[in-house]
Amino acid sequence: MNNKVKLKRGDTVQVIAGKEVGRTGRVLLIDRQKNKIVVEGLNMQTKHQKSNRANQTGGITRREAPLHISNVMYLHKDKPTRLGYKFEESGGKPVKKRYAKSTGEIID
């Protein structure tokens, strides 16, 4: 199992496979052990909740379900691209930076 996930929370991604193909959103959560990712507003599922002390009203709620990490790609300048790492010199020390493989530009 390859746990080299180059995405971070807050990145904008595009879905490249599955029922949400072509849609974009912001990364909310990454589960590196299960290779799953939760994207804001995508893969919504309904949950029927019974009322209790914490949730007085109960009812039907909608929430994002996780997608497999291989089904999303990072969006750079409105185009999906793969990510890589480069080492840059900063104060005499090498610093690991992410870059877009399609353009070669440093992301952060």
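The charged end of Lys-86 sits over the ring of Tyr-99, 4.6 Å from the ring centre. Lys-96 lies over the face of Tyr-85, at 4.2 Å from the centre of that ring. A charge sits over a ring when NZ of Lys or CZ of Arg is within 6 Å of the ring centre and within 35 degrees of the ring normal. Aromatic pairs number zero. Such a pair would need ring centres of Phe, Tyr or Trp (its six-membered ring) within 6.5 Å; planes under 30 degrees apart count as stacked, over 60 as edge-to-face and the rest as tilted.

This is a predicted model: local features need pLDDT of at least 70, side-chain atom pairs count only at pLDDT 80 or more, and totals for chains, interfaces and linings use all residues. Residues are numbered from 1 along each chain as its sequence is written, and side-chain values use heavy atoms, with hydrogens and water left out.

Buried means under 20% relative accessible area, exposed over 50%, and partly exposed in between (1.4 Å probe, protein chains only).

| Residue | Relative accessible area | Class |
|---|---|---|
| Val-27 | 2% | buried |
| Asn-35 | 10% | buried |
| Asn-43 | 12% | buried |
| Asp-78 | 73% | exposed |

Val-27 is found in strand S2 (residues 24-31). Strands (E, at least two residues) are DSSP runs, numbered from the N terminus. Leaving aside neighbours within four places in sequence, Val-27 is in contact with residues including Lys-8, Val-13 and Ile-37. Contact means heavy atoms within 4.5 Å. Val-27 and Leu-7 are 20 residues apart in sequence and 8.3 Å apart in space, C-alpha to C-alpha.

Asn-43 lies in the loop between strand S3 (36-39) and strand S4 (44-49). Beyond four places in sequence, its contacts include Lys-19, Glu-20 and Arg-63.

Now the backbone. Most residues other than glycine have a negative phi. Asn-35, in the loop between S2 and S3, has a positive phi near 55°. Asp-78, in the loop between S7 and strand S8 (79-81), has a positive phi of about 60°.

The largest pocket has a volume of about 380 Å³. It is lined by 16 residues, of which Lys-4, Val-5, Lys-6, Ile-69 and Val-72 lie nearest its centre. On a 1 Å grid over the protein atoms alone, a pocket is an open set of points where a 1.4 Å probe fits, with protein on both sides within 12 Å along at least five of seven lines; lining residues have an atom within 4 Å of a point. Strand S7 (residues 72-76) gives the most to this lining, with three residues.

Note on methods: Points joined across faces, edges and corners; volume = space filled by probe spheres on them. Helix = DSSP H or I, 4+ residues; strand = E, 2+ residues; numbered from the N terminus.
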